[in-house]
Amino acid sequence: MRGTPYPTLGELLRRARATVAARPGALRLRAVGTSRAGRPLWLLSAGHGPRHILTVAGAHANEPVGGVTSLSLAERFAREPALLQESGCTWNFLLCLDPDGASLAGRWLTGRPGEGRAAAEASPTLRGYYRRFYRPAFAAQPEFPPVTSDPRPVMPESEALVRLIDELRPVVQFSLHGVEVGGSFLQLTRAVPGAAAAYRRIAADLGIPLEHRPFDGMGWLAESPGVLVLPDSSPTEERDPSGFTSQATWLYAMRHGTVSAVVEAPFWSVAGVSDPRPVAEPRREIAEASEILLGRAKQLEAVVGELGPRAPETPEEIAHFTAARELMDIGPGVVDTWNSAELATTVGNAVSLGVAARRIPLRAAAMMRQALGGAPALDALVEAWARELASTFDARWVPVTDQTELQIRTMLALARALV
């Protein structure tokens, strides 16, 4: 089982239905909304307590681990109902917040031999992952609806999640995420006594490195290595490198007294991200990472220019092109952010910066390749950059069972502390 790949969206739903049918008194499955393309948003619920816990999976299309985690924990509750009865809670799992995106991103599991499920079962590779990579543009990620002053309409997926939060008023909301290459980290909208120590123990037991100082939440307080806590004075808005400003749904839930926890699990781990040793010249580390990011963006731009004019035609190609184009343009804004913050002060954080500097243009190249019909020049770029990313940081595949165990144990520990 240690090489088990992630199930596709269809497989995940079939497994959920089969589990509910086998244990109808323990689990319930209902649709709580629909996606832009009309796909149902499925909520799997376990237990019958008056208080609620909500787990959101699949908020980012390229991060399938949360759905597997959710279903695995729900199945455990069905086998061991006493786990929930003692807490007096109903645990709700939104199996995939972005099924439209997942239907595109999941193609790396079902592609041609050598890049799809057969390869994933044998030995997953970054090359296979990125050849069919998809992650929507920032404004098309449903966990981040636009602020009220933004004229863009709220996506139906975002509206469904907000309605669900208002209906359940959960004690705690978990948002399950994954990162291609790096380490694990936890973001909390409020400090939870004992959470950081428990999280560190869980990661250590599983041999998964913690990001020494994650820079995803640079305005958040680093309570301990791998654990970020939202400052009391923090605004309820999030601004991404593209300039899009949103109100994250895990911040929206704070109006109900909900504690939100974002749990990140790496697909390929990098031991170096946890190195706490100080860096002699942080500015030089930032400059080197910036040079890689901007240089590769220019290289990709040149390759695309050499291909000549070719507009994407199908909705899938347009989605890939829009997301790729955005990533090709955000480099200067990302570099400005890096220079304005206290980053690269440890070896671990410098390693994280190095990974990000390579990951952003690699994501862009991977999606542009698909948007423009798999041009050989882009194919070569994706393969070379994916190989270099893996070798530079000695990226090692984390078995799916370990990824899900990290998230399950973390959720159970936080639930015990809060409920």
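**Cysteines**

Is Cys89 buried or exposed? I looked it up: Cys89 is buried, with a relative accessible area of 1%. Buried means under 20% relative accessible area, exposed means over 50%, and partly exposed is in between (1.4 Å probe, protein chains only). I checked Cys96 too, and at 8% relative accessibility it counts as buried. Then I searched for disulfides, meaning pairs of cysteine sulfur atoms within 2.5 Å. The structure holds 0 of them.

**What I am working with**

This is a predicted model, where local features need pLDDT of at least 70, side-chain atom pairs count only at pLDDT 80 or more, and totals for chains, interfaces and linings use all residues. Residues are numbered from 1 along each chain as its sequence is written, and side-chain values use heavy atoms, with hydrogens and water left out.

**Confidence**

I noted what pLDDT is: the predictor's confidence in each residue, from 0 to 100. Its mean for the protein chain is 90, and 94% of the residues reach 70 or more. Where is confidence lowest in the protein chain? I found helix α5 (residues 117-122), at a mean of 44. Confidence is highest in α7, at 98. Over residues 111-121, pLDDT stays under 50. For that stretch the model has 28 contacts beyond four places in sequence. Contact means heavy atoms within 4.5 Å.

**The whole chain**

I counted secondary structure next and got 15 helices and 12 strands. Both are DSSP runs numbered from the N terminus: helices are H or I with at least four residues, strands are E with at least two. Of the 419 residues, 58% count as buried. I then looked up the radius of gyration, taken over C-alpha atoms; the globule rule is 2.2 Å times the number of residues to the power 0.38. A compact globule with 419 residues would have a value near 22 Å, and the protein chain has 21 Å, which agrees. Its C-alpha atoms fill a box of roughly 60 × 50 × 50 Å, taken along the principal axes. Among contacts with a separation of 6 or more, 80% are between residues 24 or more positions apart.

**Cores**

I defined a nonpolar core before looking: a set of buried Ala, Val, Leu, Ile, Met, Phe, Trp, Tyr and Cys residues joined through side-chain atoms within 4.5 Å. Which residues have the most contacts inside the largest one? They are Tyr130, Leu300 and Trp338, in a core of 63 residues. Helix α13 gives the most to this core, with 14 residues. Apart from it lies another core of 46 residues, including Leu12, Leu84, Phe174 and Val263.

I followed Leu300 further. Leaving aside neighbours within four places in sequence, Leu300 is in contact with residues including Met328, Pro361, Leu378 and Trp385.

**Thr410**

I found Thr410 in helix α15 (residues 400-418). At 2% relative accessibility, Thr410 counts as buried. Not counting residues up to four places away in sequence, Thr410 touches Leu186, Tyr199, Ile202 and Val263.

**Positive phi**

Most residues other than glycine have a negative phi. So I wrote down two cases with a positive value. Arg169 has a phi of about 45 degrees, although it is not a glycine. Arg169 sits in the loop between α7 (156-168) and β5 (172-182). Ala344 has a positive phi near 60 degrees. Its place is the loop between α12 (331-340) and α13 (347-371). Ala344 is buried, with a relative accessible area of 0%.
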